[in-house]
Amino acid sequence: GCEFQDALNLYRFDKKLRLFLFNEIEKVEIALRSTMANLVAEDTGNIFWMTDESMFANREKFKRTMELVDKEMKSSKEEFILHFKKKYSNPYPPVWMLVEILPIGVITRIYENLADNTLRKKVAAHFGLPVPVFSSWITIVTLMRNSCCHHARVWNKENAICPMIPRKLRGNWIVSKVSPKRIYFDICIIKWFIDIVS
């Protein structure tokens, strides 16, 4: 009972949905990057905290993160990174520069590996969330971003990872029971962040 046009219409709808979601996720990503860089730097007084091993709980994870940081630093053609390499002798730039060249997945891993739980709480509280929910939701936003970037289907797709369901939140949240593995739940997560950052 289906026609080719039905499939084409769903494909076009999915494309428009991806573009719309990516536009909103971009705002969340920028807010996450700036909050991570600025809040932790202000709190610790350390503008190089992302490359300071003493800031992190798991040394092996830190080492793997630094391999990714080194790779990004080596391959970056960003003018501000080239200027930094030319003018300064520090091995790494300050956090506000570094955060601009790292993939969002790396930023998420850096957050999760912070040794000081108080810092994690402060970052999560900036978005009105407890640490476990914030970590879970940022992972979902990152996965959704990657789906949008790589033209993967988002409509009617079931997530492989189930986001954490908050017990209670201050502010507007889902009122009806929906599967946390479906796109509607993901959209509600994105809306939560957008309501705070915009």
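Predicted model: local features only at pLDDT ≥ 70, side-chain atom pairs only at ≥ 80, totals over all residues.
View 1. Cysteine 188 is in no disulfide, and the nearest cysteine sulfur, which belongs to cysteine 162, is 14 Å away. A disulfide needs two cysteine sulfur atoms within 2.5 Å, so a gap of 14 Å rules one out for cysteine 188. Is cysteine 188 buried or exposed? Its relative accessible area is 13%, so cysteine 188 is buried. Now turn to cysteine 2: with a relative accessibility of 73%, this residue counts as exposed.

**View 2. Helix α7 and its surroundings.** Helix α7 runs over residues 131–149, which makes 19 residues. From its first C-alpha to its last it reaches 27 Å, close to the 27 Å expected at 1.5 Å a residue. Why can α7 be called largely enclosed by the rest of the structure? Because 14 of its 19 residues are buried. Look just after α7 as well: there, histidine 151 takes a positive phi of about 60 degrees.

**View 3. Phenylalanine 13 meets tryptophan 155.** The structure holds 10 aromatic pairs, and here is one of them. The ring centres of phenylalanine 13 and tryptophan 155 are 5.3 Å apart, and their planes stand at 90 degrees, so the pair is edge-to-face. Phenylalanine 13 sits in helix α1 (residues 4–44), while tryptophan 155 belongs to the loop between α7 and α8 (183–197), so the pair ties together parts that are 142 residues apart in sequence. Phenylalanine 13 is partly exposed, with 38% relative accessibility. Tryptophan 155 is partly exposed too, at 37%.

View 4. Which helices does the pair link? Tryptophan 137 is in helix α7 and phenylalanine 193 in helix α8, so distant parts of the chain, 56 residues apart, are linked. Tryptophan 137 has 0% relative accessibility and counts as buried. Phenylalanine 193, also at 0%, is buried as well.

**View 5. A cluster of rings.** Tryptophan 137 and phenylalanine 193 belong to a cluster linked by ring pairs. Which other residues are in this cluster? Tyr111, Phe127, Phe134 and Trp192 join them.

Definitions and conventions:
Residues numbered from 1 in each chain as written. Heavy atoms only, no water. Helix = DSSP H or I, 4+ residues; strand = E, 2+ residues; numbered from the N terminus. Expected span 1.5 Å × (residues − 1). Buried < 20%, exposed > 50% of the residue type's maximum accessible area, 1.4 Å probe, protein only. Phe/Tyr/Trp six-rings, centres within 6.5 Å; stacked < 30°, edge-to-face > 60°.
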